[in-house]
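Here is a short report on aromatic rings and the charges around them. The model comes first.

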Amino acid sequence: MRHANAIARRTFADARVRTWSFAALFAAATAANVVGYRKTYPTAVERAQFVAAFGSNMSVRLFYGVPHNLLTDGGYVAWRGGGMLAIFAGMWGVLAGVRIVRTEEDSGRQELVLAQAVGRGTVLASSLTAVVTGIALLGLAVVLGLVGTHLPLGGSLFLALAVVLPALVFTAVGTLAGEIAPNRRVALELASGVLGLAFLLRVVADTVSGAGAVRWLSPLGWSEEMRAFANPRPAVVLLPLGLTVALLVLSARISARRDIGTGVLVAHDSARANLRGLGSPLGFAFRSLRGTFAAWILGSGFFALVLGAVSKGITANTLPPNVRAELERLGAGAIATPAGYLSLVFLFFVFSTSLYACAQIAALRREEVDQQLETLFALPVSRRHWFASRLALAVAGAVAIAVAAAVFAWLGAVASGVSLSLLDTLGSGLNCLPTVLLFLGLSALAFAAAPRASGAVAYGAACVAFLWELFGGLLGVPTWVLGLSPYHHIGLVPTQPFRATAALVMLGIGAALMVVGAAVFERRDLTGA
């Protein structure tokens, strides 16, 4: 029991920054949705017009799912907040599940733990106990955000359950991926692929006529079918709980039969020598990360293709006058056209590509923790050159992702019959880069100056700034306060002019942060976990 408690406490402590960051996100997002809806649509007539404009709009369903009971505050937040937060919960679960199995083994810590008087089953159960505690904290954050805006406790608890159940399912998915994969990178790719498939199934069910039954094949669809604040379906809870138990039982059986450090998928110990790209740290980094680059590019491209295809459904005639006026107040009035809609949703690509930049710096930290950098810098390799080359690789990847999103959005729009210029969509894609490079610079400086906190600083800054831009306008905060978010200074290209001054400022700040980060990294000691 003593060992089990120690393992559980340690597992929770390792993930505390991620858990508290997600909890703050969940609480803020749910509360802001309710407050914003009340301020924007205070009367029943305005809400009815809103439902008429967006209730059956396929392009809006792509992000949030099928709405139920939008005339109420609870129905709105279950749709607008619950749909997105369920995806974030799934991401949290993937990271948690992979960490408690594959990350612990790859780092060598699992062998030290098992050298004590403790079995594998105890280690897995203790780690899962810590993860479930973290999931409970996420649910509590949702409840506090909802109850704090005076929504009923019962409905708030049920919506919180709908939001966090994907975290439970994808923790089990991540755990199983950790047992199957030969290393952490492959495990993350497998589990993330399952999450992406679940999201794709939900999108198909929500946007394709007659495909509603597909929703029952996705854990994200199950959260939607629970219908919090709108004829709740408690029996649906059995589906994610049952799948979680089944996956964890399978993981436990695999764990009991395999050697530490191995997986069901066996890594090849020998192959024909391929020395291309191994003459420099940059070439080696590209070879190591090319699968990750391809996944980001293809994922962004596919999502952009779908957005381009559904943009045809956005016309000015579908929006009532008060909704158009409110969109104008929020600076998004041009959404009433297909081109305007794509201009607005490219804000999401700015955000996702910023997360890509944060992930590239997180990869540097992982190499440091795994002591790869100690070996590398024992060779005649300049720290400053290595740091600069990795930043250049991250910039190149960001450009590729932005261009891919622009091209595929254009292809989707043209295929659906929308008249749209490729140059316009390329402008929308390249418009992502100044903000992305700003966050890349911030992440680089955090890695150099405070390596242990670099992940929390990088991801936290990107997420908080994006949420502030989404909900700050609805809350009626002063313009100068909104201006604290870099996303607020992005022009919605092509329907709005490119904000060259703001872009140059962000590029300058990002470049300066990278230069300072390189100088700091050159002088500091390498650190472990």
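## Aromatic pairs

The structure holds 19 aromatic pairs. Rings of Phe, Tyr and Trp (its six-membered ring) pair if their centres lie within 6.5 Å; planes under 30 degrees apart count as stacked, over 60 as edge-to-face and the rest as tilted. The centres of the phenylalanine 22 and phenylalanine 26 rings are 6.3 Å apart with planes at 65°, so this pair is edge-to-face. Both residues lie in helix α2 (residues 16-40), four residues apart, about one turn of the helix. Helices are DSSP runs of H or I, at least four residues, numbered from the N terminus. Phenylalanine 22 and phenylalanine 26 are both buried, meaning under 20% relative accessible area with a 1.4 Å probe, protein chains only.

Tryptophan 386 and phenylalanine 521 have ring centres 5.6 Å apart and planes at 35°, so they form a tilted pair. This pair links distant parts of the chain, 135 residues apart: tryptophan 386 is in helix α17 (residues 383-415), phenylalanine 521 in helix α22 (residues 500-523). Tryptophan 386 and phenylalanine 521 are both buried.

## Cluster and charges

Phe348, Phe351, Phe439, Phe466 and Tyr487 are linked by ring pairs into a cluster.

Arginine 383 lies over the face of phenylalanine 521, 5.1 Å from the ring centre. The charged end of arginine 18 sits over the ring of tryptophan 92, at 5.8 Å from its centre. The criterion: NZ of Lys or CZ of Arg within 6 Å of the ring centre and within 35 degrees of the ring normal.

## Basis

This is a predicted model: local features need pLDDT of at least 70, side-chain atom pairs count only at pLDDT 80 or more, and totals for chains, interfaces and linings use all residues. Residues are numbered from 1 along each chain as its sequence is written, and side-chain values use heavy atoms, with hydrogens and water left out.

Terms used:
Helices (H or I, at least four residues) and strands (E, at least two) are DSSP runs, numbered from the N terminus. Buried means under 20% relative accessible area, exposed over 50%, partly exposed in between (1.4 Å probe, protein chains only).
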